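These are my notebook entries on a structure that is new to me. I set down each point as I looked it up.

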Amino acid sequence: MPDADHRIYLLAGAALFAIGFYSLLVQAHLLRRIMALNVMGSGVFLVYIALAAQTPGPIPDPVPHAMVLTGIVVSVCATALALALADRVQAATGRVELLDDEDAAAPSDTTPVASDEHKGKPSA
Amino acid sequence: MIAASAIALLILAPLAAAALAFALPKLGRWLALGTAVVAGAAIVQLTRAVLAGGVQTHRVGGWGAPLGIDLRADGLALLMLMVTACICTAISLYAQGYFRSGHDDEAPHRERYFWPLFLFLWTALNALFLSADIFNLYVTLELLGFAAVTLVALAGKRAALTAALRYLFVSLSASLFYLLGVGLVYGQCATVDLASLASKAQPGPTLWVALALMTGGLIAKAALFPLHFWLPPAHANAPAPVSALLSALVVKGSFYILLRLWFEAFPALMTPGVAQLFGGLGAAAILWGSVQALLQARLKLLIAYSTVAQLGYLFLLFPLAAEREGGFVAWSGGLIFLGAHACAKTAMFLAAGNILHAAGHDRIKDLDGITHSLPISAFAFGMAGLSLVGLPPSSGFAGKWLLLNSALAQGQWWWVAVIFIGSLLAAGYVVRVITHAFTRVAEPTTQNPIPPVMEWTALTLALLAVGLGFASHWVAELLRVGAPVIGPVLMGGAAS
Amino acid sequence: MMRRLPLGILSLALLAALSWAVLSLPAKPTGLTEASLARLAESGVTNPVTAVLLNYRGYDTLLEVGVLLLAIVAVWSLRRGEWPTGDLRDRPLLLSLLRVVLPVLMLAAGYLLWIGAFAPGGAFQGGALLGGALVLAMLGGRGRRVLNHERLLRTGLVAGVLVFATVGAVAMGLTGGLLQYPPGSGGTWIMVIESAALISIGLTLGLLYLGGRPTGENGNVPSQNPSSHA
Amino acid sequence: MNVHGLLLLGILLSSFVTGLVIFFLKEESHRLRIGLNLLGAAAKLIFVVALIMGVYRGQTYALAFEFLPGIEFALGADANSVLFVTLSTVLWFWTTLYAVGYLEHSPHRRRFFGFFSLCVTATTGLALSANLITFLTFFELLTVSTYPLVVHRGTKEAMRGGKIYLAYTLTGGAVLLLAVAWLHSLAGPVVFKERGVLQALASSHPTELQIIFLLFMIGLGVKAAIVPLHGWLPKAMVAPAPVSALLHAVAVVKAGAFGIVRIVYDVYGADTAAQLGVLHPLAIAAGVTIVYGSVQALFQDELKKRLAYSTVSQVSYIVLGVAILGPAATIGGLAHLVHQGLMKITLFFGAGNYAEALGIHRVSEMNGVGRRMPLTTAAFTIAALGMIGVPPLAGYVSKWYLQKGAIQAGEEWVALVLGASSLLNAAYFLPILYRAWFLSPPEQPAQEHRFGRGETHWMLVLPPLVTAALVIWAGVFAESPFSPLAWVKLIAAREYGP
C-alpha cells in the first residue's frame, strides 16, 4: 500500500474521477457535461502525478509527467471541440440538452435539402 | 531498413498529407490519392518483410521499450493496415464524386474540410495498428475519436450534429477510462509496453481494475452491446463515405486494442469466465442488432444496426480462441470475418449513399423505383449482402466457417446456435432491401444523376468482399506471424 | 429524478473499485526514473521531462501536435469565429496594459522555450503564454489584419506538424531510426522542433478562443455559409 | 488437377461467362443476346459430349484448388456427375430456345437471361462438385440465382412467392451448412466416393452421424420438396413457364434429389446408411410425399399448380429409389432422375404454350386444345402418359425397376404406394387429355394470339416435341447401351458390385 502522503492524492484523484463520471451521467446541460469531463480528466491527471511523486529517486518520475502534459493538451483540444459542437447543436435544436432519441426525428431530417441546412440557425 | 521506413511512411505520409490538405485546401483530393499510393506501396514492402523475416519491430528514437516507444508489425497489424488501405483508397475515390454531385451550397465547404479530417483519420488508424505501447494507443484513440466525431458532424443536419455530440461524449469519457487504466498499469508494472507487460503482469486488484477500466472504455468505443446506443444514429446520419469509414474501420480500432490487451499483454487475466462474458455480449449484440435491423424503416439505420450485430461475431473470438492450443482456428476466422465485414459494410453504405443521393431519401418501403435506375448500386448491395449473410464462397463465409468449425470442435455448441440464427436474421434484413430491386414499377422516377465513380467503387468493394474468400488461405498464413494462439487453421477428422 | 439513484450507486461502486485499486498499488513503485536519468546525457537536454517529451517518447508528442492541429481543423469546420465586440474606447486601461504586456509575454514565451532544455519549461508552456498573448490582443482588437490573412494563419498552424514530421524523416535518413537524432546533436534537433511547435501551439490555443474559423476566411459563399454562427 | 480438368471448367464457364456478359449488354440488343445464349448452350453441349466420351474411355477428370486450408474447391466427373450434368445441359439447351421465344417483347430480359445462365452454371456445378464444400457453394448459388427468376414478373403475387421461396431455401441452406460443418469437424474434408467415406466413423460416432444425416435430409429435402418441406413449390408457380420448367425438371428440385443421392451413396454409402438405420425413415417420408403430392394434384384446377404437385410426388420416386437398399431400386431412382426431368419439362412447355397462345391457365378451360394446338398437345400427351407409367414410355421403365427393387428389399408396402400413385397420376392426367382431344373448344376462345401460320412460335413448339421424343427414346431403347438406363445400371453396379 502506498504511504499516507501519496495515498491522499491517489484517493483524491479517484474521487474526482467518480464525481465527474456521476455528473456526466446525471447532468443534462451540455456545458455541465463538458465540465464533468474535465473534472474526470483532472482526476486522472492527479493519479498520474501522485504516481510520479511516489517513485524513489532524486526527482519525481518524469515519464508520467510527460504523459500528463500530453493528456492536458488533449483535454484542452477536446473541450474546444466539444464546446464548438455543443454550440452547433444548440443552434440547430434550440436547446442545450441532448434529446434522448434523436434518430426518431431523423427521416425527415436527413434528406439533403439545402433549406434544411438553414433552419434553426441564428443568422448573422 | 526497408521495413522500418515502410512503418514510418505509413504514419508520416498521411499525417503530412493531412496538414497540407488543411494548408492548401484545393489539393485535398490529390493528397488523398497520393497517400493511397504511398500507403499501398509501403504495405506491400512491409508484407514482404514480415512474411520473410517474421514480426518487424521498430524502436522509435532508437531507445526501445520501456523508456521509448516501439512500433510493431505482425500478421494481425498487417491485415488491419491492408483493410484500412483498401477502404480508405475506395473512399478517396468515392468522395471525389460525392462532394461534387448533389446541389446543396454546403458541399464545397464540406469537401474543403473532409479531406484533412479524413487524412487525420487514416493517420490515426495506421498509428493505432502499428503501436505497441498502451499509452501511445491512447493518443491514437483520441486522434481517431476527434476525426470521426467531426466527420459525422460534417453532415450539418440536426440529427447528425446531435449524434456527433453524443458520440463525442461517449468517446471522451471512454478515453478517460482507458487513460486511468493505463496509469494504474504503469503504477503496477512500471511499463506501458505491450510486449514486456505479459511478463510483468501478475493478477492483482490493481491490474483487474485497470483492465476493467480499459476494457469498459474500449467496449464503449467499439459499440459492443449494451454500449452500442450511440452508434446507429451516428453511423446513419453521417455523410455516406463517413458512415462507411466508421462502420468498416473506426469501431474495429478499439476491438483491435482489446485483442492486444487480453491476448498479448494480460493473458494471465484471461479466465474462462471473462472469455465467456465477452462471447455472451457478442451473442446478445448479434441477436439484438439483427432484430433491430429487421425493424428499421430507413436503409442507413438498417445498415448501422447490422454493424452492431456483425461486431458481435468478432467478440465470439474471445471464448473460441481463449485456449492457446488450437485457438488459431477462431483467431483467423474472426479476423477474416473482420476483413469481410469491412469490405461488405463499406460497399453497403456507399450503395445506400448513392440511393440517398439519387432519391433524396432512404425509406426502404419507397425504394422500388431507385434500384431500377441504379442497377449497379443495387447489385453491389446484393453482393455485399451475400458476404454479410455468409454464403459460400464469400469471405464472410470463410470467417463464419472457421468460427463454426472451432465451436463444433470444442463442443461449444451454443455459439453454433447463435451464428446459425444470426445468419438467418441477416438474410432476412438483406432480402428485405433486395426485393425492391425486382418489384415492378411503372416508370423509374427521375433522380439526381450519380457520378459513375460512386457506383463502381461500391461494386468493386462488394466483389472484393465476395472474392476475398478465395484468398482466406493466404490471409490465415499471414495471421500466423506473431499470433498469440497456435494450432491448425482448421480442425476436424483428418486435420486434427 | 429516477435515474439518479442507480447512477449514484454505479458511481460509488466505481469509486470503491478505484480506491481499492490505488490502495493496492506497490508502496515503492520502481517507475522509470533511473532509466530516464541514466540515458539523459544521450538525449541532448538536461531537463528529464523535456527528454521524455521530445526524445524518449517524442513520437507521442508528434501525434499530440497532430491532435492540436486536428482540433483547430475540427473547430473551423464546425463554426465561424466570433470576434470579441464592444467599443474599445471604453477600456483605455486594457489598451495601455496591452502595450506593456504583449511584448513581455512574447519574450517570456521565448524564454520558456529556451529554458525548457535545462529546467521546467518548453514549447507547451511557451505556447500557452503565446496563446494568452494572442487572446489579449484579440480582446484589444489588435492584429486583425494578421488574423484575417488566412494563408498565413494556416501556414503557422501546420508548421509544428510539418517541421516535426520532416525532422523525424530526416533523422531517419541519417540514422535509420524514426525521430532518432544523430548522437550528440539531439539538443539542436529538439530546439528546431520546439520553435516550430511553439508557434503552432500558441496560434492554435489563441485561435481556439475564437471558437471557429476567422470570418476573413472565404468559404464558397461566405455571406450565407449556413454553418457560420456570427 | 490435370489438363483434362479444364474441360470441367469449360462446362461451367460456358454458361457463367455468358451470364456475366449478358448483364453488361444493352437491354435492346436482342439478337446479340439470343446469339450468346444459344452459343453458350451449344458450347456446353459440346463440352459435355466430349466429357461423356472421355469418361467412357476411362479418362478421369479433376480440378481443385485450396481456398481454405483443408477446404478445396474441387470439381470432378464420376458416373453420377455425368448423369446429372448431361441431363441439365441437354434440357438447358432446349429451355433456352423456349425461353427466347416465350419472353419475346417482355421487359428486363437482360436480367432474366443473365440469372438464367447463372442458374444453369450452379446446376452443372452441383453435378460436377467433387466434395461437400463445393456442392454447398453451388447449392447456395442456385438459391440466389433462381430467386430473380421466380420473382421475374415483379407482381405482388410474384414477390410473395419469392419471399416464401427464399425463406424455405435459405433456411434449408443454413441447415445444410450446419450439417457440412459438423461432419467436417468429425471427419475432416469430405470427398465424394462410391460406397461412402464414413464406414469408420459409423461405428465410433453413430448418433452424431444419424443427427447429421437428418440435418442433411432437411437441408436438401427443402429443395427436393419432401413433405412437409414442400410449401414453397406451389407458390413458386408464379414464375414464367420456362423457369418453372427449369426449376421442376432440372434445377432446384433435382438439385435436392441429386444431393440426397450424393449423401446416401457417395458420403455415407448405402450400406453404412442402412446400418445406421436412417434409410427406412427416409423411405417412409418419400412414400408419404408420393401419395400426398398425387392427392393434392387431383384437386388443382390451375394447370401449373397441378403439375407442381405432381412434381412433389414424382421427385420422391427418386428419393424412394435411393432409400431402398439394392441395385434395382437404385436403378429405378436414378433413372427417374432423368426420366422425370424429360417428362416434366415437356409438360411445362405445353402448359406454357397454352398460356402463351390461348391464354389458358386452368384445366377447366382446356376443352379442345388438341385441335387448336395438335403438336403441343401431342407432346403433352406423351409426357403425361409417361408420368402415369404407360409402357413403353420412360416413366414405365423407372417405375418398373422401383417395383422390382422394393420387392427384392422385401418392402411390399412400397409396391402399394407406387400402385396407388400410378392410379392417382392417371386420375389427374387422363381428364386433361380427354378434354384436350375429345371435347369441343368453346365458341369464343380466351384471348388467343397467333404467331404467323404455325400453331404458335416455332421456338415454342420445337422444344416440347424434342423432349417428348426423348421420353419415347428413353423408354423404347431403355435396354440399348445409349440410354439413361444403361448409364444408371453402371452406377448401380459400382455401388453394389463386388
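**Entry 1. Two helices of chain D.** At roughly what angle do the axes of helix α14 and helix α15 of chain D cross, and within what distance do they come? I noted first that the model is predicted. I then found that the axes of α14(D), residues 303–323, and α15(D), residues 327–358, cross at roughly 170 degrees and come within 7 Å. Angles over 145 degrees count as roughly antiparallel, and α14(D) and α15(D) are therefore roughly antiparallel to each other. I recorded the crossing of α14(D) past α15(D) as left-handed.

I next looked up the residues that meet. On the side of α14(D) I listed, among them, D:L303, D:L307, D:T311, D:Q314, D:I318 and D:V322. On the side of α15(D) the list includes D:A329, D:G333, D:L337, D:Q340, D:L347 and D:A351. By class, I found 13 nonpolar, eight polar and two charged residues in the contact of α14(D) with α15(D).

**Entry 2. A further partner of α15(D).** I turned to helix α21 of chain D, residues 484–496, whose axis comes within 9 Å of that of α15(D) and crosses it at roughly 140 degrees. That angle makes α15(D) oblique to α21(D). Here the crossing is right-handed. From α15(D) I noted D:P327, D:T330, D:I331, D:L334, D:A335, D:V338 and D:H339 in the contact. From α21(D) I noted residues including D:P484, D:L485, D:V488, D:I491 and D:Y496. The residues of this contact divide into eleven nonpolar, two polar and two charged. I remarked that D:T330 and D:L334 of α15(D) are listed in the contact with α14(D) and also in the contact with α21(D).

**Entry 3. A loop residue of chain D.** Where does D:E455 lie? I located D:E455 in the loop between α19 (412–438) and α20 (458–476) of chain D. With 19 other C-beta atoms within 10 Å, D:E455 is partly exposed, since a residue is buried if 20 or more lie within that distance. The C-alpha atom of D:E455 is 9.9 Å from that of D:L358, although 97 residues separate the two along the chain. Setting aside neighbours within four places in sequence, I found D:E455 in contact with D:A357, D:R372, D:M373, D:P374, D:L375, D:T376 and D:V461.

**Entry 4. A helix of chain B.** I checked the length of helix α2 of chain B, which runs over residues 28–53. At 1.5 Å a residue, its 26 residues should span 38 Å, and the end C-alpha atoms are 36 Å apart, which agrees. Among the buried residues of α2(B) I counted in B:L31, B:A32, B:A36, B:I43, B:L46 and B:V50. The cover over the buried residues of α2(B) includes α1, β1, β2, α3 and α4 of chain B. Just after the helix, B:G54 takes a positive phi of about 75 degrees.

**Entry 5. Backbone details.** I looked up two cis peptide bonds. One runs from B:F225 to B:P226, with omega near 5 degrees, and B:P226 lies in the loop between α8 and α9 of chain B. Another runs from D:V227 to D:P228, with omega near 5 degrees, and D:P228 lies in the loop between α8 and α9 of chain D.

I also looked up positive phi values in residues other than glycine. B:A190 has phi near 60 degrees and lies in the loop between α6 and α7 of chain B. B:A190 is buried, with 21 other C-beta atoms within 10 Å. D:H108 has phi near 55 degrees and is placed in the loop between α3 and α4 of chain D. D:H108 counts as partly exposed, with 17 C-beta neighbours inside 10 Å.

**Entry 6. Contacts between chains.** Which of the four pairs of chains that touch has the most contacts? It is the pair of chains B and C. Their contact takes 52 residues from chain C and 50 residues from chain B. On the side of chain C, α5(C) gives the most, with 14 residues. That side has 29 nonpolar, 18 polar and five charged residues.

I recorded lastly that no contact joins chain A and chain D, whose closest C-alpha atoms lie 26 Å apart. Chain C and chain D are likewise joined by no contact, and their closest C-alpha atoms lie 38 Å apart.

Conventions. Residues numbered from 1 in each chain as written. Chains lettered and ligands numbered in written order. Predicted model: local features only at pLDDT ≥ 70, side-chain atom pairs only at ≥ 80, totals over all residues. Axes fitted to C-alpha atoms, helices over the stretch in contact; angles between N-to-C directions. Helix = DSSP H or I, 4+ residues; strand = E, 2+ residues; numbered from the N terminus. Parallel < 35°, antiparallel > 145°, perpendicular 65-115°, else oblique. Left-handed = near helix turned anticlockwise from the far one by under 90°. Contact = placed C-beta atoms within 7 Å. Nonpolar A, V, L, I, M, F, W, Y, C, P; charged D, E, K, R; others polar. Buried ≥ 20, exposed ≤ 12 C-beta atoms within 10 Å, placed from the backbone. Expected span 1.5 Å × (residues − 1).
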